[in-house]
Amino acid sequence: MPVHVLVAISQEGKDLLYPKLSELILGALGFFILFVFMYRWVIPRANQMLEQRRQKIQGDFEAAESSRSDAETLLQDYRKQLSGAREEANRIIEEARKTAETMRRDLEEKAQEESRKIVERAQEEIRSERDRVFQELKAQVGELSLALAGRMVGESLDRDRHIRLVDDYIGELERMPSGNGANGHGRSSPGEGSGD
């Protein structure tokens, strides 16, 4: 191939590669219209949507931060209330323990007082029963001695006579010397009975 053919082919290839001036003007005009359209309507709308989205995200973040802060405050309040409840429970338990101890002491004192009263009543009953038994025994001894003296003398003695005999015998024992008390007692008792 000759050189001029090659130069012609290369010139045609360059023409094919580079756009024509009319195409450049038309493309620049279309780009300018598109740029104006985008700048005038699409970009502000996109910016508005992005701004709304940014504000929504920022609002959500602030709300989350506020919720976290509220949750921490609430958690601290709950911890304080729980601590207060524990202290109140401990106070109530301590008061119950003190009340129980006081009641136990009161019951012990009442039981001791009641047992003391029961013992006093029992002792009083024992004394009165002893006195009653003593009086009965005294009366029975008097009657037995009267019956015995009546048998020894061989006759029935009435009560007044018996008392007089006992008083006379006691008087005679008092007059006797202390060394002969036992012998005088043994001798004088039958003599008095026979003398009366």
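Q: How many helices and how many strands does the protein have?

A: The model is a predicted one. The protein contains four helices and zero strands, and its elements follow the order α-α-α-α from the N terminus.

Q: What percentage of the residues counts as buried?

A: Of the 196 residues of the protein, 7% are classed as buried. The accessible surface amounts to about 17,100 Å², and carbon and sulfur atoms account for 60% of that area.

Q: By what quantities is a pair of aromatic rings described?

A: Such a pair is described by the distance of the centres and the angle of the planes. In this structure the count comes to three aromatic pairs. One of them is formed by F35 and Y39, a stacked pair with 6.0 Å centre to centre and 15° between the planes. The pair counts as stacked because its planes, 15° apart, fall under the limit of 30 degrees.

Q: Where do F35 and Y39 lie?

A: Both belong to helix α2 (residues 21–153), where they are four residues apart and thus separated by about one helical turn. F35 is partly exposed, at 45% relative accessible area, whereas Y39 is exposed, at 55%.

Q: Which geometry do F37 and W41 show, stacked or tilted?

A: F37 and W41 form a tilted pair, with 5.6 Å centre to centre and 40° between the planes. These two residues also lie in helix α2, four residues and about one turn apart. F37 is partly exposed, with a relative accessible area of 41%, and W41 is exposed, with 54%.

Q: Which residues form one aromatic cluster?

A: The cluster consists of F31, F35 and Y39.

How values were computed:
Residues are numbered from 1 along each chain as its sequence is written. This is a predicted model: local features need pLDDT of at least 70, side-chain atom pairs count only at pLDDT 80 or more; totals for chains, interfaces and linings use all residues. Side-chain values use heavy atoms; hydrogens and water are left out. Buried means under 20% relative accessible area, exposed over 50%, partly exposed in between (1.4 Å probe, protein chains only). Accessible areas come from the Shrake-Rupley method with a 1.4 Å probe; for residues, only the protein chains shown count as cover. Rings of Phe, Tyr and Trp (its six-membered ring) pair if their centres lie within 6.5 Å; planes under 30 degrees apart count as stacked, over 60 as edge-to-face and the rest as tilted.
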